[in-house]
Amino acid sequence: MTKKMDNTTRYERLRERYMNGDLDRRSFLGMIGLAGLAYGVQTPFAKYAHAAADQVRFDGWGGVVSEAFREYAFDPFTEKTGIPVVDGTFGGGDEYLSRVKASQEGEYNIAHLSGVFDYARYYNLGLASTLNEENIPNLKFVIPKLVDVFRNVSDGALSCVPYDYGTTGLAYNRKYISDEEMKEKGAKILIDEAYKGKIAGWSDWRTRIWYASLQTGQDPNGATDMDAVWDAIRTHRDLSLKYWTSGAELMSLLAEEEIYVTEGWSGRIYALQEQGHDIGYMDPPNGFGWQECLFVMKGSPMEACEELLNFMLAPETSIAVAEGQNYPPALDPQQVDLGDKIPTLPAFDPTGTLSGLTFADPDYWNGNEAEWSKTFGRVQKGY
Amino acid sequence: MSVEAREARQPWILLSPALTAVALFLFVPLLFILVYSFWLRTATGADQAGFYLDNWREALTDTFYRDILFSTLRIAAITTLVCALMGYPAAYFIARSKGNKAILLLMLMLPFWISYIIRTMSWINILGVSGALNTFLLWIGIITDPIQMLYNETTVILGLVHFLLPFMVLNVFVSLEGIDTNLEDAANSLGATRWETFLQVTLPLSLPGLAAGGLLCFVLGAGTYITPLVLGGPRDAMFANLVFEAIITQLNWPLGSALSLMLLAVLGVLVMIYNRYLGMAQLMKGLG
């Protein structure tokens with residue numbers, strides 16, 4: 001009977017040759033060293049390679065949003081399928097895109113992207129996968145309008161599934177600013193001298209330009225007087241205490257009363273209200289509406305990703321996540337009973353048409369991205 | 001192989017792991033950054049390979065980058081000065097204390113056990129409108145409304161001093177420890193007062209340590225990114241924030257590469273000047 005050839009057998013034979021004098025000491029130690037080196041180098045990378053095929057990496061916005069995803073979607077999914085979901089966070093779409101660009105294909109799998117403009121950017125950079133929609137039957141529950149806008153970008157195919165929507169509206173501390181004053185001043189309250197040092201804003205160039213367009217009475221998807229827009233951004237900058245860079249910072253600034261008014265993400269403001277803070281929230285006319293999607297990167301394990309997307313779109317999962325993160329789900333309220341809490345969330349549209357929200361036009365924003373993001377970087381610093 | 005040849009080869013064999021690491025993890029990435037700085041960003045965000053001088057022309061001629069660079073160097077210089085003024089007495093006290101040096105040095109090192117970001121953010125809880133200081137001042141009735149202390153250049157410098165002070169203290173401490181105290185005794189026996197002894201003997205002999213600490217504080221301060229982001233206001237960006245924006249927000253890696261090399265070159269010149277006049281040996285002692 002022949003002995004099974006494994007590493008132990010190989011070592012034993014080598015040792016026997018050495019003991020018999022067939023192999024000099026230098027060669028014996030050299031071969032042992034080479035074997036150790038090969039094992040040491042191979043093992044950690046092999047571990048990642050095996051892991052990559054057996055797990056899905058998901059990146060999202062952190063904070064209460066990630067907590068909701070983890071609790072209501074990822075953990076139950078892993079329990080059901082045995083596929084682990086590794087979740088990471090990012091502070092914004094730009095930062096995440098930079099990370100993806102620096103990575104190897106397959107390193108990042110699914111991202112919770114915001115806006116059709118981000119979808120278009122990823123698609124144009126060749127980072128998009130093509131989903132097999134047959135593996136995602138729960139896609140039928142999604143508001144058709146939300147699906148169609150993505151299809152239009154990617155020639156009829158889909159690289160993502162819509163998941164939720166919300167607004168970036170005006171958040172204010174009711175102790176210092178009344179609802180009536182907010183209604184009267186609208187977006188212009190962010191450039192009101194009376195609140196100098198108690199105003200803040202997101203450091204995102206799109207949001208700054210959107211609100212400056214509103215403050216100067218222009219269409220946020222088609223401003224014609226950009227000088228006026230930049231002047232309004234400068235005014236806001238000079239009156240602001242600081243630009244916030246994450247949802248956690250936004251919540252902290254409002255909760256600690258460092259600021260009285262800022263624009264803010266509807267779900268985060270709702271979370272503050274749930275915590276008992278007397279923070280008001282208002283979407284001004286033409287306020288910034290956005291839809292978020294679960295985008296699958298090229299090179300990802302598609303079947304596992306599609307299984308996760310389908311699980312996440314199941315009404316029970318989607319509703320639980322939506323209630324946890326405080327953003328209405330992309331599910332069509334005409335098809336699915338969304339329960340009691342979701343209709344109370346900011347930006348919720350019971351008709352499922354989303355006709356009351358103004359979304360960013362991807363062509364307009366992506367066409368000006370290079371110039372405006374750079375100019376904003378300068379204006380932000382006093383120029 | 002002759003004994004001489006073997007002896008000549010031995011240091012290189014011992015150095016080879018470190019040299020390999022430096023080559024792989026420092027020089028090769030730097031080379032990539034250098035190559036990238038000559039590429040161009042296209043409108044879609046993709047990079048266009050080639051040899052273009054546009055990024056360098058922009059980085060070197062645009063007054064925006066020059067102004068922020070000078071502002072960064074100014075903030076780093078102020079931070080270094082404050083660290084020197086605060087760090088020297090602390091180092092002197094530790095060096096001249098009897099019996100409890102180890103405990104004092106341990107206390108000096110303790111902040112390093114906590115994340116730099118957490119240490120920076122702790123100032124929000126101290127200086128914020130609802131922070132410890134405002135709460136205390138309101139409680140004892142000195143003020144009736146909270147004072148806005150955060151998000152300005154002063155808090156950026158404060159955060160940097162908090163981060164960099166241990167580097168200064170350690171360098172000065174090492175220098176003071178190396179001074180023969182008999183020299184101070186000799187000065188005293190020749191009629192010098194304690195103050196004169198300090199000014200004419202101790203201080204000049206400890207200057208290399210002060211300079212090494214100053215260099216470390218300046219270089220680390222000028223390259224910082226987190227502190228102005230967390231504790232600064234809209235106008236308090238430093239040069240590293242520009243690099244971040246170019247690479248992350250604008251997805252302009254070629255310009256970001258040129259900017260990062262520009263900062264590296266400026267700080268490199270400062271290190272070379274230091275090395276020319278004081279040598280790197282003192283710095284190594286402090287770091288050790």
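Reader: At roughly what angle do the axes of α3(B) and helix α7 (residues 153-177) of chain B cross, and within what distance do they come?

Author: Before the case itself, note that this is a predicted model, in which local features need pLDDT of at least 70, side-chain atom pairs count only at pLDDT 80 or more, and totals for chains, interfaces and linings use all residues. Residues are numbered from 1 along each chain as its sequence is written, while chains are lettered from A and ligands numbered from 1 in the order in which they are written. Helices (H or I, at least four residues) and strands (E, at least two) are DSSP runs, numbered from the N terminus, and axes are lines fitted to C-alpha atoms, for helices over the stretch in contact, with angles that run from 0 to 180 degrees between N-to-C directions. In this structure the axes of α3(B) and α7(B) cross at roughly 40° and come within 6 Å.

Reader: How is that angle put into words, and which hand does the crossing of α3(B) and α7(B) have?

Author: Angles under 35 degrees count as roughly parallel, over 145 as roughly antiparallel, 65 to 115 as roughly perpendicular and the rest as oblique; α3(B) and α7(B) are therefore oblique to each other. A crossing is left-handed if the near helix is turned anticlockwise from the far one by less than a right angle, and right-handed if clockwise, and α3(B) passes α7(B) in a right-handed crossing. As for composition, Ala, Val, Leu, Ile, Met, Phe, Trp, Tyr, Cys and Pro count as nonpolar, Asp, Glu, Lys and Arg as charged, and the others, Gly among them, as polar. By that scheme the contact of α3(B) with α7(B) has 23 nonpolar, two polar and two charged residues.

Reader: At what angle does helix α3 of chain B pack with helix α9 of chain B, and how far apart are their axes?

Author: Helix α3 (residues 63-96) and helix α9 (residues 194-222) of chain B pack at about 140°, with axes 8 Å apart, and α3(B) and α9(B) are therefore oblique to each other. The crossing of α3(B) and α9(B) is right-handed. Two residues are in contact if their C-beta atoms, placed from the backbone, lie within 7 Å; residues of α3(B) that meet α9(B) include B:Thr72, B:Ala76, B:Cys83 and B:Tyr88, and among those on the α9(B) side are B:Leu210, B:Gly214 and B:Phe218. This contact of α3(B) with α9(B) comprises eleven nonpolar, seven polar and no charged residues.

Reader: Turning to chain A, at what angle do helix α8 and α14(A) cross?

Author: Helix α8 (residues 205-215) of chain A and α14(A) cross at roughly 95°, their axes coming within 10 Å, which makes α8(A) roughly perpendicular to α14(A). On α8(A) the contact is made by A:Trp205, A:Arg206, A:Arg208 and A:Ile209, and on α14(A) by A:Trp365, A:Trp372, A:Ser373 and A:Phe376.

Reader: How many residues of chain A are in contact with chain B, and which element gives the largest share of that side?

Author: Contact joins 26 residues of chain A to 22 residues of chain B. The largest share of the chain A side, six residues, comes from α14(A), and by class that side has six nonpolar, nine polar and eleven charged residues.

Reader: Into which domains is chain A divided?

Author: Domain bounds come from an automatic or database domain assignment, which here gives domain 1 (55-165 + 290-363) and domain 2 (167-289 + 365-380). The C-alpha centres of these two domains of chain A lie 25 Å apart, and their contact takes 24 residues from domain 1 and 24 residues from domain 2. On the domain 1 side, α5(A) gives the most, with three residues, and the residues of that side divide into 14 nonpolar, seven polar and three charged.

Reader: What is the phi of A:Asn326, and is this residue buried or exposed?

Author: Most residues other than glycine have a negative phi. A:Asn326, although not a glycine, has a positive phi of about 70°, and A:Asn326 is found in the loop between α13 (315-325) and β10 of chain A. A residue is buried if 20 or more other C-beta atoms lie within 10 Å of its own, exposed if 12 or fewer, and partly exposed in between, with C-beta atoms placed from the backbone; A:Asn326 is buried, with 27 other C-beta atoms within 10 Å. A:Ala347 lies in the loop between α13 and β10 of chain A, has a positive phi near 75°, and is buried, with 25 other C-beta atoms within 10 Å.
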